[in-house]
Amino acid sequence: MKAKKWLGRMVSLMLALCMMASLCMISASAAGQNVVYAKNEEELKNALASNTTIMLEGKDYYCGIYFHDLENLTIQGTYGTRLICGNTYNEVVEMSDCKNIKLCNLIIGHDEYVNIGTLEMHCTGGVVGVYASQDVFIENCDIFGCGLLGLTMSGESTVTMVDSTIRDCSDRIMDIHLGSLDCQNCVFSGNGYFFGLGAAIEAMNLSPDDGPASLTFSDCTFIENANQKFIYDTSERLKVTYNNCTFTNNHWELDPSSYTPQIARESEPVFAVPTPATVLVNGVPTTFDAYNIKGANYFKLRDLAFVLNGTGKQFSVDWDASEQTISLTSGAPYIPVGGEMSAGTGAVQSAATGNGTSLLFDKVSYYFQPYNIGGNNYFKLRNLGRLLDFGVDWDAATNTIIIDTTKGYTA
């Protein structure tokens, strides 16, 4: 078990380091932006100021950094830059009352263990704390334990996290109290391994008097987290939205009494317009009952399975009513159930309400936000193309959607 845990950590680390090979795109040349190259911990701390870009070398900086009331600050590392804090009860990076803060290409964490005599103690502090701070951007960062949790947010903070990892934190992934967090293409792995009795994500002390709190996960992966529950939110005021996320071997998935991830519904109806474009499937014009919603094209899952049957991208569709789960199996023939490729009304629909739906694709969980129109679920074509790996293209000159099963999906 211990070997497996350490193997998982090493895999996560290698993935994170690969992601950090690409540099963040920053505008250090912007008017009034001071660029400082910090060679050591003292220079890093002294450079913390508004309208500043701090460039770090690819080495360890043994210090925690704490700043207040700053704006337009970027801290950018390069391959191998680590911010390491030996004080295991404080956060490694903590900011309060700040605005427009960027953390790029950084490995952030505590010394892994503290030994007191023969007792091996884990950290009691978190890794990154964002308090009453707006427009915080975290990109290509590896946030690792033994920290108690990877991210703490409070005070109506707004954070965007892109291409980053929170891994191996001893108790949970994050806490959120007010504000919003938008995670894009992030990995959350190996958390909750030491305590893990609570939830991986906790909504802290939300009350009816508080403002909104929201989490959005797009193209994210949750893998081998040991928490018994996924989200703890007794107030039910936390809005959580998933788009094309993967959940694999997390403890809460194995426990049927655990909290099941819920996808936030649209609070208001949206307009669904019948797709006016021609659709070519492997060069053949094909008529679908499809809709354009918010600029994207949505198709019925069974219609696509019916049309792609017999091609190299065929897939089966099964419905588990007891689990409320749709199962797809790649390469398996589709068995029609009747009603496939039926014509729509041709009218604009005003009751396309987003409803959370989980898909099992080759026994791996994915979460999407489809739309329900007339009792049928419609999925975004490009999301299905990415999942099933078939080509999706757009010819603006001829107003044509092109589906090609001889090609893989490209964004």
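Strand β19 (residues 179-184) pairs with β22 in the parallel sense, over six bridges. Two strands count as paired if DSSP finds at least two bridges between them. Strands are DSSP runs of E with at least two residues, and they are numbered from the N terminus.

This is a predicted model, where local features need pLDDT of at least 70, side-chain atom pairs count only at pLDDT 80 or more, and totals for chains, interfaces and linings use all residues. Residues are numbered from 1 along each chain as its sequence is written, and side-chain values use heavy atoms, with hydrogens and water left out.

**Strand β22 and its partners**

- In the pairing of β19 and β22, C183 stands opposite F217 of β22.
- β22 is also joined to strand β25 (residues 238-243) by six bridges, and these two strands run parallel.
- L215 has V240 in β25 as its bridge partner.

- D219 sits in the loop between β22 (213-218) and β23 (221-223).
- Phi of D219 is positive, near 55 degrees, and D219 is not a glycine.
- D219 is partly exposed, at 28% relative accessibility. Partly exposed lies between buried (under 20% relative accessible area) and exposed (over 50%), using a 1.4 Å probe and protein chains only.

- N105 lies in the loop between β8 (99-104) and β9 (107-110).
- N105 is not a glycine either, yet its phi is positive, about 55 degrees.
- N105 is buried, with a relative accessible area of 0%.

Methods
Helices (H or I, at least four residues) and strands (E, at least two) are DSSP runs, numbered from the N terminus.
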